[in-house]
Structure formats: structure tokens, C-alpha cells
Amino acid sequence: MDEKYLSRIADEKLKLMLATSGAVLIVGPKWCGKTRTAEEVSKSILYMQDPDHAETYKLLADTKPSKLLDGETPRLLDEWQQAPVLWNAVRFAVDKRRTRGQFILTGSVVPPDTKDMHTGTGRISRMTMRTMSLFESGESTGGISLIDLFAGKSNLFDQNKLSIEQVAHILTRGGWPEAVGEENETYALRMVYNYLDAVANQDMSSVDDARRNPDRVYALMRSIARNISTQANTATLLRDMISNDEGLSDKTINDYIVALKKLYVVEDLPAWSPHLRSKRAIRTTAKRHFTDPSIATAALGADSDKLLSDFKTFGYLFESLCIRDLRIYADALDGSVYHYRDQINFEVDAIIQLRDARWAAIEIKMGAGEIEKAAENLIKFRDNIDTDKTPAPSFLMVLTGTEYAFQMKNGVWVVPLGCLKA
């Protein structure tokens with residue numbers, strides 16, 4: 001491929017998965033770079049949406065799907081869900097060939113009909129891609145890595161190069177590869193608006209062939225944006241929307257949210273349940289997030305100037321930006337991200353848990369004035385963990401928008417988002 005490709009954290013994971021499984025399914029939102037990343041390692045490609053060949057491909061899928069698999073491997077099947085039969089064809093071909101690294105499947109929508117599809121267990125590995133993190137877009141120095149922190153390294157120091165004004169621009173532009181590097185904020189904003197328009201007017205009704213009202217889609221995305229980084233439930237969203245649409249119900253909102261999740265537009269943050277010394281009930285409600293915070297800013301019609309004049313909203317959106325990057329970095333380490341909140345509303349913004357059970361607790365605070373209190377909160381949380389049942393955290397971190405990355409005397413790390421990498 002050409003030299004304009006921006007390296008992704010997912011590149012190495014894709015190579016690893018191809019080396020250890022017959023096929024790899026890459027899922028994630030439209031426009032996040034799945035196809036472009038897959039093209040870098042593919043030896044042959046089938047574009048199911050190629051207008052010159054789409055009808056022929058669909059006919060072949062109905063009559064002899066195995067022909068669509070012919071080609072040098074790894075073979076990329078882009079937007080494979082246009083012909084869901086390809087899933088079983090790939091699974092069967094992997095079984096027959098008994099060779100790893102045969103196929104890459106990319107798609108931005110969960111296929112509408114999966115009841116007759118084999119799970120693919122043992123043949124097809126699943127990999128999630130998201131929009132670009134600040135390290136991938138070249139806006140984080142990468143001076144502080146999660147790998148080093150989990151390894152217990154100390155004496156780390158770095159300086160963040162991002163100003164608050166630049167962070168506001170990043171929030172409105174997002175991590176979409178096409179928009180990264182676009183200095184004209186008007187153009188970058190328009191790209192995200194175009195994405196929202198496509199979701200509301202086309203994708204939401206095509207995801208499972210159910211007609212959905214575009215105005216309700218816009219209204220729901222605005223409501224989620226107003227409740228970003230919170231545990232707002234369906235009832236909260238309904239109250240927020242019903243003044244302009246009296247025909248709404250919980251069932252309708254839930255249906256629309258499910259569709260947004262199938263499109264990988266909404267990606268809520270699940271709750272974490274450790275073993276505690278105190279007998280507190282842990283709340284299990286997920287936090288509301290979009291897959292990229294720019295979806296929220298576009299839904300709100302906010303540009304960087306509006307964000308800079310409303311620091312409360314800015315703070316919630318900054319938290320969502322941090323969660324996006326933490327998810328990307330944690331995924332590279334075979335980990336997942338959660339949040340914690342208990343019955344007395346004691347909360348921790350992010351928990352990273354690795355497959356080997358190591359974990360870290362992170363508070364997200366944009367400004368310097370809240371760092372000490374956040375650090376105290378993390379230490380209090382750590383001391384309440386029952387380490388006979390849940391291991392002690394590998395590290396505690398306050399993730400910020402400030403200038404310097406360093407370790408405080410109490411052991412808590414202060415790390416600007418603009419210094420972090422996997």
C-alpha cells in the first residue's frame with residue numbers, strides 16, 4: 001500500500017491473531033480505519049460493496065460462496081456482512097485448509113441474521129478497532145507507557161505538549177483517520193456531522209431492516225451526549241427527550257440504543273466488581289459513552305470555542321476522550337476497561353484489568369486543582385480492596401490535561417493524556 005498509511009496500535013495485534021488463528025474478524029465503527037489496516041497485510045481483497053461487482057458477488061454468495069474465497073492469503077473480505085453466508089464459508093474453508101492466517105473479515109455492522117451462523121470458535125478470532133488514540137495521531141509523546149507502569153517501573157517523567165485549546169480541537173475533530181491532521185476545524189467538524197447524518201438517515205434503518213425515525217436518532221444522540229460519562233439510565237434519557245416527542249417509550253429508546261451499539265456508535269463502559277473489605281453494594285450500571293467523543297460534540301453542535309466556555313461539559317467530554325484512549329491502549333495489552341461505583345457513590349473513573357488479573361485504578365481530572373483529592377480517593381479505594389481475594393493494584397494514576405507526568409510521594413502517578421501510550 002502507499003506510504004500515507006498511519007501506523008495503528010492494532011497492526012501488531014492483527015499480525016499476532018493471523019499467526020494464531022485461521023481467520024480474524026475486525027469489528028468497529030465505520031470510518032475508523034478497519035479496511036485500511038487490513039489492506040496493509042492482505043495479499044488479495046474482495047470488496048463486497050464494489051458497485052461494479054456487488055450484484056455478481058451476491059449471486060455467487062447465494063450459489064457458490066466458496067468461489068468468493070479464492071485468492072492469495074491472507075484474503076480480505078471487506079463488509080462481509082453484505083453476504084452473511086460468507087461466515088460459514090470461511091469457517092468451513094479454515095477447517096478444510098487447516099492453515100492459519102487465511103482470511104480477514106471487516107465490517108461496521110453486526111449482521112442482521114445470525115441464527116444459522118456457526119460461532120466460529122477456534123477458527124475465527126475477533127478483534128475490535130476504534131478511532132485513533134492520541135499516540136496514534138502523533139499528539140501524545142508516548143513518554144509514559146502502561147506496559148512500564150504495570151511492570152512497576154519508577155523514575156519516569158515526561159512533558160505534555162498539548163494545550164487545553166488543542167484538546168478542545170481534538171474533542172471536536174475526533175480520532176477518525178480522515179480527520180486527523182485536518183487543521184481547519186470547520187472541515188473537521190463537517191466530517192463528523194456527515195458521519196452523524198449517515199448514522200441517522202441510513203445506517204440505523206439498514207442495520208436490521210427496521211425503519212427508524214432519523215429525528216429520534218438525532219434526539220437520542222444529543223441526550224446521550226448531554227449525559228456522557230454518567231450512569232444515565234433509559235428513564236433519564238426518556239425524560240430528557242419526551243418534551244419534544246410524546247410518542248417515545250422505554251422500549252423505543254432501548255431499541256434505538258441496541259441499534260447504535262450494533263453500529264459500534266455507542267460503547268458503554270461496564271462496571272467492575274472487586275472484593276472489598278467493607279460490605280458495600282456495588283452498582284452495576286454502565287457509564288454512557290460513544291465510541292469517539294467527537295460524536296458527542298457533533299450531536300451537541302459544539303465547537304472548540306463552546307467547549308472552552310463550558311468547562312463542566314468539557315470535563316465530561318475529556319473523560320470520554322480518556323476512556324477511548326485507555327480502551328485502545330488496554331486492548332493492546334490484552335486488557336479491558338471498566339468503572340467503579342458503590343452504593344454510597346464512591347467511584348473510580350477507570351479500572352484497567354489485564355487477562356492475567358493485574359489491574360490499575362485511574363481517576364480522570366482535567367485540571368491541576370483536583371489532582372491531590374483524586375490521589376487520596378485512589379489510595380482510599382486501594383486500601384478497601386480485600387487483597388486475599390482481589391490482588392493489590394499494579395499502580396494508581398490520575399490522568400489529566402496538565403503539563404507534567406511524574407510520580408507523587410504517595411506513589412500515585414500523575415500522567416497527562418498527551419504523554420500516555422500502551
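How far apart are the mean positions of the 54 positive and 58 negative charges of the protein? They are 6 Å apart. The model described here is predicted.

## Overall dimensions

The protein has 422 residues and a radius of gyration of 22 Å, which agrees with the value near 22 Å that a compact globule of this length would have. Its C-alpha trace spans about 65 × 50 × 45 Å along the principal axes. The secondary structure consists of 14 helices and 14 strands.

Of the 422 residues, 54% count as buried. The protein exposes about 19,200 Å², and carbon and sulfur atoms supply 47% of that area. Among contacts between residues at least 6 apart in sequence, 72% join residues at least 24 apart.

Ser-42 is found in the loop between helix 2 (34-39) and strand 2 (44-47). Its relative accessible area is 14%, under the 20% cut-off, so Ser-42 is buried. The side chain of Ser-42 reaches back to the backbone oxygen of Ala-38 at 2.6 Å. Leaving aside neighbours within four places in sequence, Ser-42 is in contact with Pro-74, Leu-76 and Ile-104.

Pro-74, one of the contacts of Ser-42, lies in the loop between helix 3 (54-63) and strand 3 (75-78). A cis peptide bond joins Pro-74 to Thr-73, with omega about 0°.

## Arg-123

Arg-123 is placed in the loop between strand 4 (103-107) and strand 5 (124-128). Its side chain is joined to that of Asp-95 by a polar contact of 2.9 Å. Arg-123 and Phe-395 are 272 residues apart along the chain, and their C-alpha atoms are separated by 36 Å.

Asp-203 has its place in helix 7 (residues 185-206). With a relative accessible area of 8%, against a cut-off of 20%, Asp-203 counts as buried. Not counting residues up to four places away in sequence, Asp-203 touches Lys-30, Ala-198 and Leu-263.

Tyr-264 is in the loop between helix 10 (250-262) and helix 11 (293-300). Phi of Tyr-264 is near 60°, a positive value in a residue other than glycine. The relative accessible area of Tyr-264 is 15%, so this residue is buried.

## Gln-231

Where does Gln-231 lie? Its place is in the loop between helix 8 (214-226) and helix 9 (234-241). Gln-231 is buried, because its relative accessible area is 14% and buried means under 20%.

A polar atom of the Gln-231 side chain lies 2.7 Å from the backbone oxygen of Thr-285. Thr-285 is also among the residues that Gln-231 touches when those up to four places away in sequence are not counted; the others are Arg-283, Ala-286, Lys-287, His-339 and Arg-341. His-289 is 58 residues from Gln-231 along the chain, and the two C-alpha atoms are separated by 9.6 Å.

## Asn-345

Asn-345 lies in the loop between strand 8 (335-341) and strand 9 (347-354). Phi of Asn-345 is near 65°, again a positive value in a residue other than glycine. Is Asn-345 buried, partly exposed or exposed? At 39% relative accessible area Asn-345 is partly exposed, since that class runs between 20% and 50%.

## Thr-402

The loop between strand 11 (395-400) and strand 12 (404-407) holds Thr-402. Thr-402 has 17% relative accessibility and therefore counts as buried. Its side chain makes a polar contact of 2.5 Å with the side chain of Thr-400.

Beyond its neighbours within four places in sequence, Thr-402 is in contact with Asn-160, Met-366, Gly-367, Ala-368, Ile-371, Val-414 and Pro-416.

Methods:
Residues are numbered from 1 along each chain as its sequence is written. This is a predicted model: local features need pLDDT of at least 70, side-chain atom pairs count only at pLDDT 80 or more; totals for chains, interfaces and linings use all residues. Side-chain values use heavy atoms; hydrogens and water are left out. Helices (H or I, at least four residues) and strands (E, at least two) are DSSP runs, numbered from the N terminus. The radius of gyration is taken over C-alpha atoms; the globule rule is 2.2 Å times the number of residues to the power 0.38. Buried means under 20% relative accessible area, exposed over 50%, partly exposed in between (1.4 Å probe, protein chains only). Contact means heavy atoms within 4.5 Å. Accessible areas come from the Shrake-Rupley method with a 1.4 Å probe; for residues, only the protein chains shown count as cover. Lys and Arg count as positive and Asp and Glu as negative; His and the chain ends are not counted. The place of a charge is taken as NZ of Lys, CZ of Arg, CG of Asp or CD of Glu. A polar contact is a pair of N or O atoms within 3.5 Å; within protein, one must be able to donate a hydrogen and the other to accept it, and residues adjacent in sequence count only if both atoms are side-chain atoms.
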